[in-house]
Amino acid sequence: MTAEPASTPPPAPPSPRALARRRRREALRDLAREYARHRSGVVGLVGLLAMVVLALAAPLLVDPADLTVTRAPGAAFEPPGARFPLGTDDYGRSILDLVIWGSRVSLTVGFLATVVSVSLGTLVGVTAGHFGAAGGTAGRILSSILLRLTDWFLVLPTLVLAVALAAVLPRGTGTIIIAIGLTVWPATARLVRAQTLAVEARPYVERARALGGGHAHVMLWHVLPNVMPVVLAQTTLLVATSIIAESTLAFLGVGDPTTISWGGILESARNAGAISSGIWWYMIPPGLAIALVALAFTLCGRALEAVIDPRLREQR
Amino acid sequence: MTSLLDVRDLHVTYRSGGVEVPAVRGVDLSLDPGDTVGLAGESGSGKSTIALALLRLLPDGARVTGRVAVAGEDVLTMRWGRLRAVRWAEAAIVFQGAMHSLNPVRRIGDQIAEPLLVHGTVPRGRVRDRVAGLLEQVGLPASRANDHPHLLSGGQRQRVMIAMALACEPRLIVADEATTALDVMIQAQILTLLRRLVAEHDIGMLMISHDLSVLADVCDRVAVMYAGRIVEEGPAGRVMGAPVHPYAVALGAAFPRIGDPASRLAPRGLPGDPPDPADPPSGCVFRPRCPVSEEVCATVDPPLWPVDPDTEGRSERSAACVHVGQSKEGVR
Amino acid sequence: MTGAPITVPSGAEEETPSSAPAAAASGRIGRVLRYVAGRLLTAGLSLVAVVVAGFFLFRILPGDPVRAMTEGREVTAEQRAELRRQFGLDQPLGQQFLDYALGLLRLDLGTSFQYREPVTELILERIGPTILLAGTGTLIAALLGLFLGVRAGWRPGGPADRINTTVALFFWSVPTFWLGLLLIVLFASGRDPLPGLFPTGGMTTPGVTGTVNVVLDTAWHMVLPVSTMVAVIYAQYLMIMRSSLMDERGADYLTTARAKGLRDALVRRRHAVPNALLPTVTLIFLNLGQVVSGVILVETVFSWPGLGQLFYSGLRVPDLGLVQGLFVVFAASVIVMNLIADLVYPLIDPRVRP
């Protein structure tokens, strides 16, 4: 576990604040060392960083003009060759260029949708946990309503809900982010709530409450910092889920038709008849990209989980 | 006569995260058919580790050396097939905390019948009758066979464990804290039952408990363990009534009442904690808590030594303390 | 982690060699009734929430549903007004909700804009193939996932665990629809040098007659879609079983079983697995929503004539009436399945028997 900020350090020459900072730095270094012992986690991290660099560098590698339907550089359905390493699509665009460019939307949506869902999940989870443990009657009612709501969302078919949202809201990347963010938060909320309940039972939180710390104070200063490690691991896992969800929405045709994303490329491949005529180079690269990125995030998330959860650490 | 159980120089070391933690450090024990021997000590003294080591039930991370012979056969070097045949049929265990030792999702009748079927003790068709007989033997109605463990009280579950242990008519029973979780009245009932069954079936029993008074009540001989080693051994009445080793003195004085849960953690009136098994003190491991320790205790780790030996140097009891050794030389 | 109602009754510590059967039985019936009533109430509230959500999503959120549905088509203002009247959209919102909710009580899910048919009829026509596909896929995935999960969880960190976990994680990371497309390209497109072993889609070949032939033909059509579903959903069953079994591994009753002289395989099969299975079953039911997602994608990719493909065709228009009806049916079926699981669970687990 990380250092607990509330436990006061023994009287020593350096200021308590500097000491706390140093201790936190050391804890972080320990965490990094522990993480480095998970080989699959390191592999995932390297793959993830490579993908992010590629997405950022995309404008240097690809000329966006080549990606327009009217000014495509090649002929339709050219198989992989010297000029187009991964062949061309039905308009003659380079598949490699499309996949590189598509990483930008896929990663952006993956990250932002995760931010939405993790924020929502953490808010609901901390609130439900805190008021469940420390609230009065009204607090407990609020907590149980939030819990019921979470369970309800948890049971609903996520994809149906996300597709429905994406279908009825105006088309656009923002809609996709909201559609995913609003549907995948319940798992985070459950996790955060459980963790909050554990934190609330710790003596220093009770002390803070006894000293007159308000709900907001306790939640922000005591609960949130201790819940963050779990949230971090969950975030990493959710990015994988969100990227897959984005591609799925795009494939079902409720994505943003004006942008290029991996799921969108696959939808075009299907609509162009590439599947039944066996034009494998049109559909393998984007799918593989999704799978590899999702896998990289999943490996990172699992390694983080194992580092953070001592129970899992022993099972390594 | 071959003894029923013969343990020689048993060592058990757990490995956890690269650190070697010795739990049992050179224990000798022997038990003849019909004998009842007690093993006493605090939590963490290695008693339960010994119980598991007798049938090689320790987890993979534990290294066991020495010799454990059940009816003359070395359990530690036995092949797996033979070991499985010895388990329960030759030696059965009544585990501590019967709540968790019974499978919560299976009917108790099935759990009692299981060893009968595995070892082929009775023909398939007679298993039901045998289970009913076993239940009645421990004072439970045979109809209880259809219940799941959570429907039974703690004492009833412990009775089921005893019935299960008797199933294959083993010659040796190890009772590991068999009465610990029970309240005083039930504890007395279970002890009476155990004593009666052991006598009726001429079973050898190794009874493990933190409660010296329970052992003194049931056992012929008692060994007191501290930090993985036997520190005093002798006839139950004398170890209880006139202990020699300072730890046995403290342990005996610590139990004015049977079944006080607080006393399980540390004998009353004994300062400090048991030593960290990964980093034991030099010399005698009991030294840091010993009220009569001397300078030599920091350097000498005394072996078991006969107490008040006769002219040939033999004694029915022994203790591991420099004071016992010195008394032999007349220094005290 | 689980939302399961796992309440382990605390063992009564009093020594009662013979229980009082009559008093216990009457108290027990009361407890059972209370438990069932509680579950029914929760499920009922969830269903109401689904109904409200369906109305909110498809009548309120789009602003003007008719405009959304007819966007990009040449439709005159009069035609739009006529459509509004047909769908009852000219009524006040409160009246609309009442009509919609009362309709649901009569199992009337509204009218499809695209097919001009009652949604209920469309669903009834297509529900068979979906149940066939989803049922087969879930069954195989659950059996496979549980089987491999037991292998992986019994010795965590061992070779079986490593291989199984890695493969499962990979399949979990693969988008369902892409795996389906890949299988079509590999095994159905018939492009050289690969032979077209299986059909690219559909459920039957037109013109096939005779019961045996139809069954065989359907099975042949099912191979690829079912494989896709299994590959994507077995991973989570595997992981759930694995972690449940890992939780049981240190249990005392396993030491008892070993001490009895049971072989390792028997200790696992007779003692560890039955205990680990119970939380697993709950989680499998909680994850049924994933099966619905899977079946939508698989049916879309393989043109399987079921509800998923109907949903997809509704989305393309968009046919909001149809999508709304399917949304309610999908969500309600998951809730009902969970209710069944909650009611059946105590029958399998003696510990949670009320």
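**Exercise 1.** Determine the order in which the eight strands of the open sheet in chain B are arranged.

*Solution.* Strands are DSSP runs of E with at least two residues, helices runs of H or I with at least four, both numbered from the N terminus; two strands pair if DSSP finds at least two bridges between them. On this basis the order is β6-β7-β8-β3-β9-β10-β12-β11, with mixed pairing. Next, consider the edges: β6 (91-94) and β11 (305-306) of chain B each have a single partner strand, so one side of each lacks a neighbour in the sheet. Finally, inspect one pair: β3 (residues 36-40) and β8 (residues 204-209) of chain B run parallel and are joined by five bridges. Within this pair, B:G38 has B:M207 as its bridge partner.

The model is predicted: local features need pLDDT of at least 70 and side-chain atom pairs pLDDT 80 or more, whereas totals for chains, interfaces and linings use all residues. Residues are numbered from 1 along each chain as its sequence is written, and chains are lettered from A and ligands numbered from 1 in the order in which they are written.

**Exercise 2.** Characterise the side of chain C that touches chain A.

*Solution.* Contact requires C-beta atoms, placed from the backbone, within 7 Å. By this criterion, 43 residues of chain C are in contact with 38 residues of chain A. Several helices of chain C each supply at least two residues to this side, including α1 (21-60) and α13 (320-348). The most comes from α13(C), with seven residues.

**Exercise 3.** Locate the kink in α8(C).

*Solution.* The bend at a residue is the angle between axes fitted to the seven residues ending there and the seven starting there. A kink of about 40° is found at C:V223, shortly before the proline C:P225.

Terms used:
Two residues are in contact if their C-beta atoms, placed from the backbone, lie within 7 Å. Ala, Val, Leu, Ile, Met, Phe, Trp, Tyr, Cys and Pro count as nonpolar, Asp, Glu, Lys and Arg as charged, and the others, Gly among them, as polar.
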